[in-house]
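Subject: Structure for you to look at

Hi,

Here is the structure I promised to pass on. Please open it and keep it beside you while you read my notes.

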Amino acid sequence: MAGSRSDAAFESAHLEPITVTTQPNMDPEVERGFRHFRNMLTIRTFEEAVVKARLAGAIRGSVHPYIGEEAIAVGICANLGDEDFVASYHRGHGHTIARGADPAAMMLELYGRKGGTCGGKGGSMHVADISRGMLGANGVIGDGVTIAVGAAQAAKLLGKDSVVVAFFGDGGLNRGPVLESFNWAKTFDLPVLFVCEDNKFASTTRTKTVTAGPGPVARAAGFGLHAETVDGNDVIAVDQLSGEMIGKIREGAGPMFLHAVTYRVRGHLATDPARYRRPEEVLRHTLLDPIVRCEAWLRHHDIGDEVIDREKKNAEDYIVGAIAAAEAAPFPGVAEFIADVQDIGAPTWPA
């Protein structure tokens, strides 16, 4: 259901890409870290704006913030090429932006307007951009993982060297389809990186209270998957480890599992005040914020306040423009609403 990029509404709402402000002769490693910082800022600013819009009633339906988890999507997607794919779950805005989708088109999508990545018909939980290899978010827990495995099976049958990343939460690890996906991927030696974003909560329930066994890595290892754990709030560490794993998968090592430890700073939904957690717990984890840590890393590598502040303003200005464009854009017409829906009429039976 990808929206046409030549749509007049999209063209009128199109924004110039966010300016990348770097310093002359920047070391390649530092420049890569700087781009991570920029991408995380874009996701964070996008998510904060979307939460406000949802609370104001400008966006309808469920919105699951990715705030505080940005380093995982950014670090992993930095290692993917044009022929690779990702599949997401209900908390999918960060994955979509990190994969290269236009945040302005995504904002149109969340507002349900023409020119959105799915024509304004997918919304938050089903945002996708096939042109960027983003196979979609998914409101059914675990189903994005099965879609990823299917895509990996197709890539192998077609002889492509594509790698597919399946993002899911620690709560999803208890779903049968996820475990079946592990089994299928390992049995057929498929090019999949399973990424468990362990943010400690399954909706409003602390995951460890409903999960048996020694943890995600042991569960993955039970299927013969090579499994690693990474600090999911350290974008440099995520980049390095996932890069190594994706490289091995691409070379034929088979499916692998990455356990990314993070924390969900906000509630399960934009409208969830998360009163089931103590404020001091949230504050403690806020101090481990991935953007703050990346900013400190950049300062350690001699990136000054002026450059960092300019980058923050670029992200803020861009998202303000995306919101304004989305609020001004028209809704899809009736014909556009049903354009992607198959209707073959009532079934007929032989006499």
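Alanine 274 is buried, with a relative accessible area of 7%. That value is under the 20% that marks a residue as buried. Keep in mind that this is a predicted model. Alanine 274 sits in the loop between β7 (256-261) and α10. Its phi is near 55 degrees, which is positive although the residue is not glycine. Most residues other than glycine have a negative phi.

Aspartate 189 also has a phi near 55 degrees, again a positive value in a residue other than glycine. Look for aspartate 189 in the loop between α7 (176-187) and β3 (192-198). Is aspartate 189 buried, exposed or partly exposed? Aspartate 189 is partly exposed, and its relative accessible area is 35%. That falls between the cut-offs of 20% and 50%.

Now go to helix α10, residues 279-286. Which residues of α10 are buried? They are Glu281, Val282 and His285. Seen down the axis of α10, the buried residues fall within an arc of 95 degrees, so they line one face of the helix. Here is the general rule to remember. An α-helix has 3.6 residues a turn, so residues three or four places apart point the same way. The cover over the buried residues of α10 includes the strands β4 (201-202) and β5 (205-206). On the other side of α10, Pro279 and Leu283 are exposed.

Take a second look at leucine 283, which lies in α10. Its relative accessible area is 54%, and a residue counts as exposed over 50%. Leucine 283 and valine 265 are 18 residues apart along the chain. Their C-alpha atoms are separated by 8.7 Å.

Next, two pairs of helices.

Start with α2 (residues 28-55) and α9 (residues 235-253). Their axes come within 10 Å and cross at roughly 115 degrees. Angles from 65 to 115 degrees count as roughly perpendicular, and α2 and α9 are therefore roughly perpendicular to each other. The crossing of α2 and α9 is right-handed. Which residues meet there? From α2 come Arg32, Gly33, His36 and Met40. From α9 come Val235, Ile236 and Asp239. By class, this contact of α2 with α9 has 3 nonpolar, 2 polar and 2 charged residues.

Then find α5 (residues 103-110) and α12 (residues 305-328). The axes of α5 and α12 come within 9 Å, with a crossing angle of roughly 40 degrees. α5 and α12 are therefore oblique to each other. The crossing of α5 and α12 is right-handed. On the α5 side, the residues in contact are Pro103, Ala104, Met107 and Leu108. On the α12 side, they are Tyr318, Ile319, Ala322, Ile323, Ala325 and Ala326. The residues of the contact of α5 with α12 divide into 10 nonpolar, no polar and no charged.

One last stop is threonine 96, in helix α4 (residues 93-98). Threonine 96 is buried, with a relative accessible area of 0%. What does threonine 96 touch, leaving aside residues up to four places away in sequence? Its contacts are Ala101, Met106, Val127 and Met134.

Best wishes

Notes:
Residues numbered from 1 in each chain as written. Predicted model: local features only at pLDDT ≥ 70, side-chain atom pairs only at ≥ 80, totals over all residues. Heavy atoms only, no water. Axes fitted to C-alpha atoms, helices over the stretch in contact; angles between N-to-C directions. Helix = DSSP H or I, 4+ residues; strand = E, 2+ residues; numbered from the N terminus. Parallel < 35°, antiparallel > 145°, perpendicular 65-115°, else oblique. Left-handed = near helix turned anticlockwise from the far one by under 90°. Contact = heavy atoms within 4.5 Å. Nonpolar A, V, L, I, M, F, W, Y, C, P; charged D, E, K, R; others polar. Buried < 20%, exposed > 50% of the residue type's maximum accessible area, 1.4 Å probe, protein only. Arc of directions from axis to C-beta.
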